[in-house]
Amino acid sequence: IILKIFFKTFCLIFFYSFNIIFTIKMIEDKQYKVVMLGSGAVGKSAITVQMVSGHFLSSYDPTIEDSYRTTINVNNQDIILNILDTAGQEEFYALRDQYMRSGDGYIIVFSITSVTSFLEVNAIKEQLNMILDTDDNTLIPIILVGNKCDLEEYRQVQSSDAQRLAEEWRVKYFETSAKNKTNINRIFEELVYLIEANNQTNIQNTSNQNERLKYNHNCCVLL
């Protein structure tokens with residue numbers, strides 16, 4: 001009997017200590033990895049550099065992989081963002097698996113001046129679901145971005161079509177201009193909100209699992 005009581009007490013302490021340590025770590029770290037996804041020449045690098053350093057990349061230089069680090073203030077709290085700017089060219093698609101596994105949140109970018117880049121975002125979302133072993137019913141921290149909104153006269157993708165796709169994905173849609181810095185900060189702020197909401201959901205799910213384990217263990221003791 002004493003051994004059973006000791007084992008039960010140990011299990012309870014372990015489960016609650018895990019929750020406390022996990023929560024404290026989330027509060028202390030406050031740094032997230034953001035993965036930029038999209039086909040080539042849509043402006044992923046321009047968005048990233050505008051966010052990090054405040055200047056516009058006017059020339060296109062295909063990216064294989066670049067990492068950036070910046071701080072953003074959300075709700076009066078500094079959040080460190082590690083931004084991974086990924087390759088959009090087809091020959092580097094095999095690298096996407098590694099990128100996708102590493103992210104806390106994702107910004108999927110197309111150009112409003114390229115209907116082809118817009119059509120490709122569905123394949124990116126499907127690949128993300130596959131890599132993360134999720135489906136369309138699972139909410140992933142994603143922001144859908146239509147970049148180059150300063151080139152309205154060359155628009156090929158209507159805002160209503162992009163918004164409809166975002167609603168299907170159950171994500172937010174923003175149009176940005178890396179050149180004019182339109183909505184650049186906002187998409188990262190909104191992504192942080194989504195990441196933190198997702199983390200809270202994961203903490204709650206862990207707590208619920210622990211409660212079920214506690215209940216099942218109590219049942220075993222009574223038997």
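Which residues does Val121 touch, not counting residues up to four places away in sequence? In this predicted model, Val121 touches Ile108, Val109, Phe110, Leu144, Leu165 and Trp169, where contact means heavy atoms within 4.5 Å. Residues are numbered from 1 along each chain as its sequence is written, and side-chain values use heavy atoms, with hydrogens and water left out. Because the model is predicted, local features need pLDDT of at least 70 and side-chain atom pairs count only at pLDDT 80 or more, while totals for chains, interfaces and linings use all residues.

I turn to the nonpolar cores. A nonpolar core is a set of buried Ala, Val, Leu, Ile, Met, Phe, Trp, Tyr and Cys residues joined through side-chain atoms within 4.5 Å; buried means under 20% relative accessible area, with a 1.4 Å probe and protein chains only. The largest such core has 25 residues, of which Ile108, Phe110, Val121 and Leu144 touch the most other members. Among the elements giving two or more residues to this core are strand S4 (105-111) and helix H4 (115-131); these are DSSP runs, helices (H or I) of at least four residues and strands (E) of at least two, numbered from the N terminus. H4 supplies the largest share, 5 residues. A second, separate core of 24 residues includes Met51, Val74, Ile107 and Ile143.

Finally, Arg155 lies in the loop between strand S5 (142-147) and helix H5 (159-169). Arg155 counts as buried because its relative accessibility is 16%. Its side chain forms polar contacts with those of Glu152, at 2.9 Å, and Glu175, at 2.8 Å. A polar contact is a pair of N or O atoms within 3.5 Å; within protein, one must be able to donate a hydrogen and the other to accept it, and residues adjacent in sequence count only if both atoms are side-chain atoms.

Methods: Buried < 20%, exposed > 50% of the residue type's maximum accessible area, 1.4 Å probe, protein only.
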